[in-house]
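Welcome! Please take a look at the model below, and then we will walk through how its parts meet.

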Number of protein chains: 2
Amino acid sequence: MPKNCNFIEKLREVGLRPTKQRVKMCEVLYNREKTFHFTINDLVKLLSEKMNQKISLATVYNTVHAFEKKGYLKEISIDSHKSYFDTNTSAHHHFFDEDTQELIDCDENDIDKINIKKNITGKKINSVEVLVRVASDNQTQK
Amino acid sequence: MPKNCNFIEKLREVGLRPTKQRVKMCEVLYNREKTFHFTINDLVKLLSEKMNQKISLATVYNTVHAFEKKGYLKEISIDSHKSYFDTNTSAHHHFFDEDTQELIDCDENDIDKINIKKNITGKKINSVEVLVRVASDNQTQK
DNA sequence: CAACAGTTTAGAATTATTATAATGTAGATT
DNA sequence: AATCTACATTATAATAATTCTAAACTGTTG
């Protein structure tokens, strides 16, 4: 498994011990063509079902949050009941398909740069996030 | 209390029975100069402490969600742990002050109209929301 | 390869939200 | 104004999501 070596180094870089649980998590998260959007639940299921890795919920929470704090994952909050993490940590925006509950990345050409004219004294801008909610045309709006 | 008559009518219009709990809630929510941003917790506290109205948590949840469904309140989800409601239901964007955990309305001059170039076939756009996170200049970023 | 600090784990605790079922009440009917 | 009925409110229980805890375990360092 030559790829796992990268994960081990990646984990070390961020100050996390490369345990086998964390390496498995990295495989699930980062061994992908496209960026990955998931809820904690999705991730636990994937780990246990697809990867055959029984891993404690607490560990998943702890590690996901460690990744997030270190900037290896980004949180996108849809509503009070649904929160996703995104392996694409660059500044970018999202579509959310309310029919399929699917989160879709925008690339930088999809939305013009946001121009913010107001500034709040003494405060700097940490992030600017756009969420575009879409649903099929013939459906009642949320 | 002439103002409460408005609330009673407002409630009727949306198909909600104007019970005294709901009228009190309306007073708290809509008897204001500015729009009001609150969490369920904030609202319960306000009702019990300032308005002296002991009101069941379940009722607050039910009624807030009824208002939201009817379009009298708008939900803004900050992260998995913090969700606000906004009495300003027009399309508008927000600043979120990470120091004070305060939500601030943008008016339409603060941010240029968002231009979305991508469209997803068969889907219509329900809403476009921008959240600008700010924090004091001399503080570590979230 | 021993020792230590960080990690994992199951399960308990906490918090937020929703469901339930008994009681209460607004509004229509008389 | 008394009565009725459907909808509301309430306290409490149930559920769900997340965090805490304490004991067992395991990378890492020397």
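In this predicted model, eight salt bridges are found across the interface of chain A and chain B. One of these pairs is A:D112 with B:K117, whose closest N and O atoms are 2.7 Å apart. Polar contacts between chain A and chain B come to 25 residue pairs.

Which elements of chain A give two or more residues to the side that touches chain B? They are β2 (74-79), β4 (94-97), β5 (102-105) and β6 (123-136). Of these, β6(A) gives the most, with 14 residues. By class, this side of chain A has 14 nonpolar, 11 polar and 17 charged residues. β6(A) is also joined by 13 bridges to β6 of chain B, and the two strands run antiparallel. Within this pairing, A:K123 stands opposite B:S136.

Chain A and chain B bury about 3,800 Å² between them, with 47% of it on carbon and sulfur atoms. A:K123, A:K124 and A:N126 supply 16% of the area that chain A buries against chain B, more than any other three residues.

Now let us turn to DNA strand C. Among the 17 residues around it, A:T19, A:Q21, A:R22, B:R12 and B:Y61 come nearest.

| Residue and part | Distance to a phosphate oxygen |
|---|---|
| A:T19, side-chain N or O atom | 2.5 Å |
| A:S56, polar backbone atom | 3.0 Å |
| B:H65, polar side-chain atom | 3.4 Å |

α4(B) brings the largest share of the surface near DNA strand C, four residues.

Terms used. Residues numbered from 1 in each chain as written. Chains lettered and ligands numbered in written order. Predicted model: local features only at pLDDT ≥ 70, side-chain atom pairs only at ≥ 80, totals over all residues. Heavy atoms only, no water. Near = heavy atom within 4 Å. Polar contact = N/O pair within 3.5 Å; in protein donor to acceptor, adjacent residues only side chain to side chain. Buried area = accessible area lost by both parts, 1.4 Å probe. Salt bridge = Lys/Arg side-chain N within 4 Å of Asp/Glu carboxyl O. Nonpolar A, V, L, I, M, F, W, Y, C, P; charged D, E, K, R; others polar. Pairing = 2+ DSSP bridges.
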